[in-house]
Amino acid sequence: VIILGIESSCDDTSAAVIRDGVLLSNVIASQQVHAEFGGVVPELASRAHQQNIVPVVDTALKRAGVAREELSAIGFTRGPGLLGSLLVGTSFAKGMSLGLRIPIVDVNHLHGHVLSHFIRRNEDDRVPEYPFICLLVSGGNSQIILVRNYNDMEILGQTIDDAAGEAFDKCAKVMGLPYPGGPHIDRLAAEGDPKRFRFAKPHIPGLDYSFSGLKTSFLYTLRDEIRKNPDFIEQNKADLAASLQRTIIEILMDKLDKAVRQTGVTTVAIGGGVSANSGVRDAVADYCSRRGLTAFIPERVFTTDNAAMVAIAAYYKYLDRQFCRYDEVPYARVKV
Ligand code: ATP
Ligand code: FE
């Protein structure tokens, strides 16, 4: 079975080819047009997808050494995401599959992030066993998910306001760092003192998250300090980043630990862009080794948006013959 996966939910155009669950190629074209706006501009994203999609798919097939005629099906991200962006991938998948007379498989982008752990580079690469807990932390979501099967996921907890990625990005913006700020905080944090500053942590019952209070607390700290010393940010960049990152990690780990204890599940995975963060990766790996749990930490290319995760999610649906009709349209919002 050979699946072409297409991802176009936000600002990355990506295509990947998977043969029997083993990755043959994964091509990602990131869009630079948004940098000067400090965030993704939907209309520009959609136009860039239109320019990128043909060469990206072409390159993915070439790198995989696969001819179009060999494809079994095309998987595409149907949502959630930016509608204009999703439309490009969806329309392309429909058109190409009609030409080739093969089925299309629609993929929930968040399922893709969770299932990224099933992408194998070699036949004998290990994959998680069900059930496992996945901490999905991305630009738009922060959720603790109980994954019983590729198509059976239960949200145990989720953010009631901002996502963890937004907390990184918004605080980074206040510090004057470029968008997206998450990777910049990660880099700066490596040289800073994580105990130097204290920021507010939420007190929310259950397994839900909240990050808006932290954001406000970060903002107020900066505002107060800048009054006393206009160069405060510049002089304390690394310590601010390290302290912010530590706080976010503590918030994430607190609820993750609760979820593990409540469910008794012994395998823990992380996914989504924030799982690229060095501190988050270390914290989860440490936690799991201390408690004798099996940890799944994805390769960094599979944490942010990519088509390999879409192709693998489509692969499992394909095996169950869960195809998508041609009158189905993309959706902007959905839960896992
Ligand atoms: P969603 O998947 O919820 O629709 P998205 O697709 O926009 O959202 P991703 O691409 O999975 O989100 O992740 C992007 C987010 O990950 C951004 O907020 C970015 O700052 C954050 N991020 C990426 N790398 C790092 C890092 N090293 N440290 C912290 N955050 C990071
Ligand atoms: Fe994503």
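Biologist: Where is aspartate 20 found?

Modeller: Start with how elements are named: helices (DSSP H or I runs, at least four residues) and strands (E runs, at least two) are numbered from the N terminus. In this predicted model, local features need pLDDT of at least 70 and side-chain atom pairs pLDDT 80 or more, while totals for chains, interfaces and linings use all residues. Residues count from 1 along each chain as its sequence is written, and chains are lettered from A and ligands numbered from 1 in the order written. Aspartate 20 sits in the loop between β2 (12-19) and β3 (22-30).

Biologist: What is the phi of aspartate 20?

Modeller: Most residues other than glycine have a negative phi. Aspartate 20 has a positive one, near 50°, and isn't a glycine. Arginine 321, in the segment after α9, also has a positive phi, of about 55°.

Biologist: Is aspartate 20 buried or exposed?

Modeller: Count neighbours: 20 or more other C-beta atoms within 10 Å is buried, 12 or fewer is exposed, and in between is partly exposed, with C-beta atoms placed from the backbone. Aspartate 20 has 11 of them, so it is exposed. Arginine 321 is exposed too, because it has 9 other C-beta atoms within 10 Å. Across the 336 residues of the chain, 48% count as buried.

Biologist: Which peptide bonds are cis here?

Modeller: Most peptide bonds are trans. Here the bond from glycine 79 to proline 80 is cis, with omega near -5°. Look for proline 80 in the loop between β4 and α2. The bond from tyrosine 130 to proline 131 is cis as well, with omega near -5°, and proline 131 lies in the loop between α3 and β6.

Biologist: How many helices and strands does the chain have?

Modeller: There are 9 helices and 10 strands. To judge the overall fold, take the radius of gyration over C-alpha atoms and compare it with the globule rule, 2.2 Å times the number of residues to the power 0.38. The chain comes out at 20 Å, close to the 20 Å the rule gives for 336 residues, so it is as compact as a globular protein of that length. Along the principal axes, the C-alpha atoms fill a box of roughly 65 × 45 × 30 Å.

Biologist: What does helix α2 pack against?

Modeller: Contact means two C-beta atoms, placed from the backbone, within 7 Å. The buried residues of α2, among them Leu86, Val88, Phe92 and Met96, pack against β1 (2-7), α1 (42-64), β4 (73-79) and β5 (104-108). Over the whole chain, residues 24 or more positions apart make up 75% of the contacts with a separation of 6 or more.

Biologist: Which residues come nearest to ligand 1?

Modeller: A residue is near a molecule if its C-beta atom, placed from the backbone, lies within 6 Å of it. Of the 24 residues around ligand 1, Gly139, Gly140, Gly165, Gly182 and Gly273 come nearest. Helices α3 (109-115), α4 (164-174) and α5 (182-189) each supply at least two residues of that shell, and α5 gives the most, with 4.

Biologist: Where does UniProt place the feature "binding site"?

Modeller: UniProt positions follow the numbering used here, feature names are shortened, and annotations may be inferred rather than shown by experiment. An unreviewed entry puts "binding site" at His109, His113 and Asp305. Although spread over 197 residues of sequence, these three cluster in space, with a largest C-alpha distance of 8.7 Å. The record also gives "binding site" positions including Val137, Gly139, Gly140, Gly182, Asp186 and Asn277.

Biologist: Are histidine 113 and aspartate 305 buried or exposed?

Modeller: Histidine 113, in helix α3, is buried because it has 31 other C-beta atoms within 10 Å. Leaving out residues up to four places away in sequence, histidine 113 touches Leu136, Ser138, Gly271, Gly272 and Met309. Aspartate 305, in the loop between β10 (294-296) and α9 (308-319), is buried with 26 such atoms.

Biologist: Where do valine 137 and aspartate 186 lie?

Modeller: Valine 137 is in strand β6 (residues 132-137) and is buried, with 30 other C-beta atoms within 10 Å. Aspartate 186 lies in helix α5 and is buried, with 20. Beyond residues up to four places away in sequence, aspartate 186 touches Asn277 and Ser278.
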